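Welcome, and please open the model in your viewer. We will go from one selection to the next and say what is there at each stop.

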Amino acid sequence: MKKMTLHQLNADQAGTVLEINGGCGLEEKLNNLGIRPGKEIVKINESFIGGPVTVQIDHTKVAVGHGMAEKIIVEVA
Amino acid sequence: MNILLMGNPNVGKSVIFSKLTGTNVTASNYSGTTVEYTEGQRNWRGEMVDVIDVPGTYTLDPTNEAEEVAVDMLDKGDLVVNVLDATNLERNLNLTLQLLERDIPVIVVLNMWDEAEHKGIEIDIEKLEEYLGVPVITTAAVKNRGIKDITYHFDYREVVDSDYGSTEERWAHIGEIIENTQHIQDRKHTFLEWFEDATVKPLTGIPIAIIFMYLSFMIIRFIGEGLIANVTEPLFEIFYRPVVTQLSQILGAETFLHKLLIGNLISGTIDFGQSFGILTTGIFIPFAAVLPYIIAFYFMLGLLEDTGYLPRLATLVDNIMHRVGLHGFSIIPMILGLGCNVPAALAVRNLDSKREKFIASTLMAISVPCMAQIAMIFGLLGPYGGQYLLHIFLILIMVWFTVGLLMDKLMPGFSSDLLLEIPPFRIPSMTTVLKKLWMRIISFLEEAIPYMLFGVLIANLLYILGVFDFLATTFGPFLNQVFGLPQEVITALLIGFLRKDLAMGMLAPLNLTAKQLVVASTVLTIYFPCVATFVVLIKELGIFAMMKSAGIMLLTTLTVGGFVNFAFQGGSFSLLGWIIIVGLLIAIRYIPSFGSDFEERLEA
């Protein structure tokens, strides 16, 4: 088991959301889009010169800003 | 009876709405706020029922103004039709459980049922009904399936008495529901899914975006020009010309009323583009010259919106938008602004911070010409060749970027980060696209016609009273020296505050050179928004911020207008011009930044 930020995860790699390292507002916003601890997440693409990270959660894709992606801690098997 | 359609964004609520309601649909602002919702009627068992399309929300704990309105509206409803995306049951149930805790009857609609089946998602409806305690209906709204079933439940009035506890307990309960009602079979990736991914990955997504934007542009021009040449102009010539010619003869060419209604006769006949009477040019510009492009633009925009492409564009431009202190989502008001700046100024309110609202509004108002103005630019400059049109857009893009860079550097405060759901690609429902197009055309005409007729009237009165002559001689030398424009252009700048398309029309009789038209078009775009946009911006930003924004606009106008007059020679920028542009962009990099950096932005 390895802990890393969503930002560090490789493209096409899967991980499990462990925690969200941000304020209540950020946590709530991410929860509403299905990103919450325990969920499996697949990174679709890396941040490209500071651009967003796109992830797949269940059947949704979510674009997460570069800065936010550094606040999401995932666990990789 | 009030039926509220509620659900997360992107669940097909609007499609269900347009299938449930008739042609009598109105978009209105929620009182006291600037959030828009749509309302329509349906005849149901001999009774008129109001169906309200509530703004999409993920939660009843509002995080922004649109969500506050959604919660507020609960009090007005007799029944909530909670629309869910069946392919995302788990996330969607969060709102459902929150709704069930409220004291209002709820029925649940699982939309996109066909898509869920296609993706191998099986949901046990009976079990789900047991868990929730309310009727559950499945629909595939785009294919018209299940819409009738919703109406069968319009008189459902049972209120369940549920309490799911804290947020964590609610999610745990949702987990249990999903565990026992949903079964997912893994399916192979389809080509469409591959393409969906390709459109958000920068390496493939950016070329695809360029192709899409280029195609959209070509289609808009094709439809716009086609409608003008084959429909609106012939209609005016065949049916309208005899009417106004007759009127012109009755009034007599030199009378005051003739001047006002018909305008000047150009070599003995009425010229719809140049006569400048209320009933000639005042009617011709909105209906014959601009409306075709409005139709073309909003048709394409509707398609882009309903296929789910725009959020993808937002992620692709996110890093560019960060350079100007915004994030990817702000591309939406910019694109809306290409249709009309008014809805764009309203869309800016969806942004998070005051700083972002200010930057986005100012950039939009400064450098995004509306379709009415673009249509007239096409009409006036089209004959001179594509490179002039291209340069106008190139100049405006550079203005957008430079002013944005400077604002980001010089404004204190922070900007927020992008967080956006990327919906799957969907085939748009033609009913919804056409209904939306119709509403937008109506609102364009309602907005444009009064200002247009008033503008022509004012222009003629000012001209007759000699005010224009006075202004022209006063400001003429300045216009001539800085922008290289003849003194008469001042009248267009004045009227441009009412309608930009009308102002462009006033340039037509002045016999400007192509270069002068380029300068005049850019100056007319940048110097000030039209009064309709101006009023919205004051409401949205406050009078003080708007004055600051207006200052930026005037300063930019002088700089850019003067620069284009100086550096634009024979259809392109001179070498010296390019050196100055590149030098300026490099110099901006070294300006110390007053805005916060990325990390700090996130904390708020």
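Two strands pair if DSSP finds at least two bridges between them; strands (E, at least two residues) and helices (H or I, at least four) are DSSP runs numbered from the N terminus. This is a predicted model, in which local features need pLDDT of at least 70 and side-chain atom pairs count only at pLDDT 80 or more, while totals for chains, interfaces and linings use all residues. Residues are numbered from 1 along each chain as its sequence is written, and chains are lettered from A and ligands numbered from 1 in the order in which they are written.

**Stop 1: where the chains meet**

Select strand 5 (residues 60-64) of chain A together with strand 12 of chain B: they pair in the antiparallel sense over four bridges. Which residue stands opposite V64(A) in strand 12 of chain B? Look for L419(B).

Now widen the selection to both chains. Here 30 residues of chain B are in contact with 25 residues of chain A (C-beta atoms, placed from the backbone, within 7 Å). On the chain B side, helix 3 (89-100), helix 13 (318-323), strand 12 (419-422) and helix 27 (598-603) each give two or more residues.

**Stop 2: the two domains of chain B**

Next, colour chain B by its domain assignment, which is automatic or from a database: domain 1 covers 2-187, and domain 2 covers 202-420 + 427-603. Their C-alpha centres lie 39 Å apart. The contact between them takes 10 residues from domain 1 of chain B and 10 residues from domain 2 of chain B. On the domain 1 side, helix 1 (13-20), strand 2 (25-29) and helix 2 (65-73) of chain B each supply at least two residues, and helix 1 of chain B gives the most, with four.

**Stop 3: helix 2 of chain B**

Stay with helix 2 of chain B and pick out A66(B), E67(B), V69(B) and A70(B), which are buried (20 or more other C-beta atoms within 10 Å of a residue's own, all placed from the backbone). These four lie on the same side of helix 2 of chain B because they cover an arc of only 155° around the axis, taken from the directions from the helix axis to the C-beta atoms.

**Stop 4: confidence**

Finally, colour by pLDDT, the predictor's confidence in each residue, from 0 to 100. Chain B averages 91. Among its elements, strand 8 (residues 136-138) of chain B has the highest mean (97) and helix 27 of chain B the lowest (45). Where pLDDT is low, the predicted coordinates should not be read in detail.

Notes: Two residues are in contact if their C-beta atoms, placed from the backbone, lie within 7 Å. A residue is buried if 20 or more other C-beta atoms lie within 10 Å of its own, exposed if 12 or fewer, and partly exposed in between; C-beta atoms are placed from the backbone.
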